[in-house]
Amino acid sequence: AEAKENGVKGIDLVVVNLYPFESVVRQDPGDYARCVENIDIGGPSMLRSAAKNFEDVVVCSSPAQYPVLLDELKRNGGKTSRALRRGFAAKAFAHTAAFDAAVAQWFGESAGGDSSKEGGAEEKEELPDMPENLVISAARKQALRYGENPHQRAAFYVRRDCEEVGVATATVIQGKELSYNNIADTDAAFRLVSEFVNPATVIVKHGNPCGAAFDKNGLGDSYCKALACDPVSAFGGIVAFNRTLDKTVAEFLSERFYEVIIAPDISVEAEEILAKKKNLRVLLTGAMPADEEDGPRSKADDIEIKAVTGGFLVQDKDRGSGKSLRPSRDFQVVTKRAPTDDEMLQLLFAWKVCKHVKSNAIVYARDNATVGIGAGQMSRVDSARIASRKAAEAAEAAGEEQPRTIGAVVASDAFFPFADGLEACAEAGATAVVQPGGSKRDEEVIAAADARGIAMVFTGMRHFRH
């Protein structure tokens, strides 16, 4: 009423670009004054108020909307439809919510964790440094045809502040559209191959590695060794590399059916070879993930979230037993016989792979390659037997005279609750074992190892994966 009395016309268009807070934080999250200066207050308020009044107001929160708005005005004689105004309003609310989420997350991290604790509050007990309120901001990168199964809806979202190298930031250079299962398995494969310094290959099927190897001579040798572990399961799998994909490896890959290939880069010759397989998805990450020693990563990059009915479970990513692992420091010999130098190297390799296998997990390894993998069993002894059986079948199919588990080492993601698991490994021909230890029957398991001349080391670190 007052506006009309004073001849003030109503506002029917609001255009606001918020301060570049997220960009500033990515550049230097430690520059407190600059980050605070880029916390926009008035901008979100104007966007929200305009969006609330979308019946009469058009609100633009992104330059990407300008062409859409101009086209609408041209087609409708300077007017806008209610559908457009409501759609733009929804995007404005989502945009300001994402902005507020980014601010809340940064404040929580810059304050050393929980930004909501009152100063001077007495702590009842020492708890992990996790936020009291979980704030997630992610943008939909891809609408997926379906989820794990055709009757499930799905989409792929990427955190707005994502900085870590991996499947979320990779570039797809060829192939069919990625599926839900493709993305999940590709992430699993790339996370494992990132554990290794030397040229390495990992093949994953249904979330578990079915072959992993590294070889100082290059990717070609590492690929052949990884494939030899379980060539039957590798069919239709995901293959990950930690080096530039070259012509030789591309020729190997073209001989078999795979769903996805992921690597930091690819040579021109290799790209031309794989381009002939039109449906094969090829992802390039541009680099490998930074080591922990290279500097701090965003806390958001360092957590995992799992949905449960009515809530979420949040934990740190399992970065234990990474590239900085040193057997002389981190492995404790508990048997009469200590591992030989070669056995110790193989135990180190097997232990890294085991961390990425679903529990209960058993991994046999030899010559820097897996030779048998038992995954996801309710009984540890069953995983041990499955792994040895798979290794025997692969050796027989390859025309080898004896099972590959003979002379191999074994890794177990958690302790052996009884001696039967270790005994199954011994029966398969294993000579050394790495496991966390910590069972009430550790002495019984150690005695069983000593009785068979097996060397065993404890790590003191469990690697359950569910």
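1. Gln346 sits in helix H13, residues 341-354. Helices here are DSSP runs of H or I with at least four residues, strands are runs of E with at least two, and both are numbered from the N terminus. Gln346 has a relative accessible area of 4%, so it is buried. Buried means under 20% relative accessible area, exposed means over 50%, and partly exposed lies in between, with a 1.4 Å probe and protein chains only. Leaving out residues up to four places away in sequence, Gln346 touches Ala365, Arg366, Asp367, Asn368, Ala369 and Val409. Contact means heavy atoms within 4.5 Å.

2. Basis of the model. This is a predicted model, in which local features need pLDDT of at least 70, side-chain atom pairs count only at pLDDT 80 or more, and totals for chains, interfaces and linings use all residues. Residues are numbered from 1 along each chain as its sequence is written, and side-chain values use heavy atoms, with hydrogens and water left out.

3. The chain overall. The chain holds 16 helices and 18 strands. Its C-alpha trace spans about 100 × 65 × 40 Å along the principal axes. Of the 466 residues, 44% count as buried. Take the contacts between residues at least 6 apart in sequence: 55% of them join residues at least 24 apart.

4. The peptide bond from Ser359 to Asn360 is cis, with omega near -5°. Asn360 lies in the loop between H13 and strand S14 (362-366). Asn368 belongs to the loop between S14 and strand S15 (369-374). Its phi is near 60°, a positive value in a residue other than glycine. Asn368 is also one of the residues that Gln346 touches.

5. His206. This residue is not a glycine, yet it has a positive phi of about 50°. His206 is in the loop between S6 and strand S7 (208-214). His206 counts as exposed because its relative accessibility is 65%.

6. The second largest pocket. Its volume is about 430 Å³. The search uses a 1 Å grid over the protein atoms alone; a pocket is an open set of points with protein on both sides within 12 Å along at least five of seven lines, whereas a cavity is a set of points where a 1.4 Å probe fits but cannot get out. Lining residues have an atom within 4 Å of a point. Grid points are joined across faces, edges and corners, and the volume is the space filled by probe spheres set on the points. The lining has 21 residues, of which Ser179, Asn181, Asn182, Glu259 and Arg281 lie nearest the centre. Helix H7 (180-193), strand S6 (200-205) and strand S8 (237-241) are the elements that give two or more residues to this lining. H7 gives the most, with 4 residues. By class, the lining has 6 nonpolar, 7 polar and 8 charged residues. Ala, Val, Leu, Ile, Met, Phe, Trp, Tyr, Cys and Pro count as nonpolar, Asp, Glu, Lys and Arg as charged, and the others, Gly among them, as polar.

7. Leu227. This residue is in helix H8, residues 219-229. Leu227 counts as buried because its relative accessibility is 14%. Not counting residues up to four places away in sequence, Leu227 touches Ile203, Ala234, Arg256 and Tyr258. Thr201 is 26 residues from Leu227 along the chain, and their C-alpha atoms are separated by 8.8 Å.

8. Gln65 is in the loop between strand S2 (58-60) and helix H5 (66-75). With a relative accessible area of 5%, Gln65 is buried. Arg82 lies in helix H6, residues 82-110. Its relative accessible area is 40%, so Arg82 is partly exposed. Setting aside neighbours within four places in sequence, Arg82 is in contact with Phe54 and Glu55. Arg82 and Val57 are 25 residues apart in sequence and 9.7 Å apart in space, C-alpha to C-alpha.

9. H14 against H15. Helix H14 (residues 380-397) and helix H15 (residues 419-427) pack at an angle of about 5°, with axes 8 Å apart. That makes H14 roughly parallel to H15. H14 contributes Val381, Ala384 and Arg385 to the contact, and H15 contributes Asp420, Gly421, Ala424 and Cys425. By class, this contact has 4 nonpolar, 1 polar and 2 charged residues. Axes are lines fitted to C-alpha atoms, for helices over the stretch in contact, and angles run from 0 to 180 degrees between N-to-C directions. Angles under 35 degrees count as roughly parallel, over 145 as roughly antiparallel, 65 to 115 as roughly perpendicular and the rest as oblique.
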